[in-house]
Amino acid sequence: MALPGEEWRRCAARCRAALGPALRERLEAAPLGEALRLGCGLLRTGGEEAAALQRLCRRASTGKEPAAARWYRQEGNRRFGRGCYGDAALLYSQAASHELPGSPEVSLCFANRSAALFHLGHFEVCLEDISRAQSHGYPDRLLPKVLLRKVECLLCLGRVQDAADALAAVENKITVDGIMTGPEHQTLLKKLNQLKLKVRERESCPEPAREACGDAQRESEIWEENDSISGASSSLSLKFNAEKGRHLVASQDILPGQNLLKEEAFVSVLCPEEGESRLLQNSSEMVWDARVTNADLYCHRCLKQLLASVPCRGCSYAKYCSQNCADTAWEQYHRTECSLGGLLLMLGVFCHVALRTVLLAGFSEVSRLVEQSHDDDEDLRNTKARCKHPSEAPDTRTGTRAIPGCNDNGQYQSSYQAVFNLLPHAEKHSPEHKFLCMLSVVAICRKLQEAGLEAAVLNRESSEKGSGPKACEKTSDELSPELQIMAEAMLRHVLQLQCNAQAITVMQELGSGDGAVVNRKPVRLATAFFPVLSLLNHSCSPNISVSFSGTAATVRASQPISSGQEIFHCYGPHRCRMKVAERQQLLSQYFFECRCQACLEELESDNKSVVSMRNSFCCPSCQASMQGEDVLCCSNEACARSVSRESLSRHLRDLQRQIKQALELLRDSKADEAIKMLLKCQMDARNFLSPEHLLMGEMEDHLAQVYATLGKWQEAARHLEKSIQIVETHHGPSSVEMGHELFKLAQILFNGFAVSEALSTIQRAEKILTVHCGPQSTQIRELQEMKTCLLELPRSILQRT
Ligand SMILES: [Zn+2]
Ligand SMILES: [Zn+2]
Ligand SMILES: [Zn+2]
Ligand SMILES: [Zn+2]
């Protein structure tokens, strides 16, 4: 959810409707700062809107609730007892996020989680959790058990000397303290003696030194950075003209797979609800929300995948990969955002990005640029008024100096200045939308004032607040001049995001977790500003591919680009996925009409686009293709059957629902039933969908997945090959989608020991994925490991296949 939630939108619309016509007109015509000043009075404390806002925020609570913590921990223990260690670890994390830092309860959560992680084989992280438990005051009498786990972990990691030391420490503790008695003590002693034996065994036959870490061996790619655009390759140059605005052009011939841009997001905010949203429990007696979202799976700051999250000290929402990330986030922005949690969730991720952007930039930089923009507006008005020669207007000057967002040396950098200069298109947004954004920004500022966070926002020491006379002037409806500046910048950013928000996506691993075949699905993780990446214009048929690692984006050429050609990014509507009319509709939100090659061709030829041909319905009687708008007729004249589009669409929705049910069966480990259901869906689909319909491919893909979980590799491969054919017709033979499908096939063939087929599939997948994701991506490394493994297989096995 990028924009504010439905209820707040309705509330804002009501508020706007109640305005007098004069005020509404003034608001529509006003520049951003002026609009905010006018809008401030609308969220008066005690007013109807303010009350509604408070109600909405309370629903999305992000505070710490000890009762929730207890429930999560007990539920975690139940899962642990049943051997569901992954679920248990997640529930212990939830529990920890609701406990107060430094309390014995939170240390119990960490200790319990360390046990789950141990069973999952995550020994390093398990050790981290054990020391976390200790530093949060884990009860002394329970310590020996946890310390023995530490010994086991160290042994598993091959750190024999450390294990011996740790063991000696536990032994000492048990004998000196002598706290425990009874059967528990006996079990512990037994365990201790077992471990002693193990340690001695390992000490007598030392293992060969472990190989150096693979990271060091990875060769770095050839890379020459551009002098005037930070993070860009020297084979690009920045151009500017009235028609295209700023854009990037190849200054030399570029090969597929060549690295064109590496950029760290200026700011990024995790999108909480777009993840897997898997429910850990379906029971009706569930008291607390057991949904797992992105916010539980990825670090709030660096977007690294979480195994053992470090909870924020103040809220139950923000979770981090390490104490370091937690501390840095707190310093940079979270101390301001922490108590605003519910409000920010309700207002949506665009507002959140806008707030974090100004917090990261800092008050002095924000006010410098806001004031400069006022001066520029003034200049522009004066120039236009005074001078009759349009050539002297600033936007027609040539040379890099005139390109907006560049610094005084003509360099374009990933900086706040560059973010500030992205186009807000203030005059193109609808008045309703602008009003909603304005009211949302006012809501944030009001909340900041209420929570006494104004000083933090303005990067002032909070002590200043008490000493100065400013503390007691919170009487009027107006914002302070400083907060007004921050608000103006925030409003600008919310409007900019409509056209400039870049989604950070990852291939999320799904499925049963047995690890045989990794099924990956692209998931939107976060919304971000990438000022350099934003220089790229859109095409429905782009010539690059973007991949993400944490908060960093890498852009590679996906096809040969010759010198002088423009570099194009696809903002979403790709020619392979949508018809030209749909694309144009979607692109209108970016305020432009796409004139890319693909759109021109489709518009001119007046032909049905390839997409609609492939994703079409077919005749229920004779399977010929169906044509028409509201009523579809069979293209076979002899048949002449006609069906309403409405009834075919209903049929399609039914089918999709049944496929979903089949996948739920698979999740509940009812593979045989899932297969039956999918085969039935396939039969049904053949009666009204064209054989190349994407859904036909999806069903084959699901079948492959079910057979893989049963270890029936040949069947799995057969179904996946059919899915691959359909993916190829839709996305093309060298598309990234094709790469992911081939990767899956390689895993299945690998598991089924189909050596020569596996090797050739690995080669195909490698070739495609190297272009899109680069030679150092996880998937490429996994493919190479599979290859090495296959080539090292003894001849006897090779000959059997
Ligand atoms: Zn992190
Ligand atoms: Zn927090
Ligand atoms: Zn287009
Ligand atoms: Zn027919």
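## A pair one turn apart

Arg368 and Glu365 sit 3 residues apart in helix H17 (residues 363–386), so about one helical turn separates them. Helices here are DSSP runs of H or I with at least four residues, strands are E runs of at least two, and both are numbered from the N terminus. The side chains of Arg368 and Glu365 meet in a salt bridge, with N and O 3.0 Å apart. A salt bridge means a side-chain nitrogen of Lys or Arg within 4 Å of a carboxyl oxygen of Asp or Glu.

How open are these two residues? Arg368 is partly exposed at 36% relative accessibility, and Glu365 is partly exposed too, at 24%. The cut-offs are under 20% relative accessible area for buried, over 50% for exposed, and partly exposed in between (1.4 Å probe, protein chains only).

## About the model

You are looking at a predicted model, in which local features need pLDDT of at least 70 and side-chain atom pairs count only at pLDDT 80 or more, while totals for chains, interfaces and linings use all residues. Residues are numbered from 1 along each chain as its sequence is written, chains are lettered from A and ligands numbered from 1 in the order in which they are written, and side-chain values use heavy atoms, leaving out hydrogens and water.

Asp296 is buried at 11% relative accessible area, and Lys319 is buried at 3%.

Another salt bridge runs between Arg159 and Asp162, whose closest N and O atoms are 3.0 Å apart. Here Arg159 is partly exposed at 32% relative accessible area, and Asp162 is partly exposed at 32%. Elsewhere, a network of salt bridges links Glu75, Arg78, Arg79 and Asp87.

## Annotated regions

UniProt positions follow the numbering used here, feature names are shortened, and annotations may be inferred rather than shown by experiment. The entry places "domain: MYND-type" at residues 299–338. That span is 38% helix and 10% strand, and its end C-alpha atoms are 15 Å apart.

The UniProt annotation "coiled-coil region" covers residues 645–672. In the model this stretch is 89% helix and 0% strand, with its end C-alpha atoms 34 Å apart.
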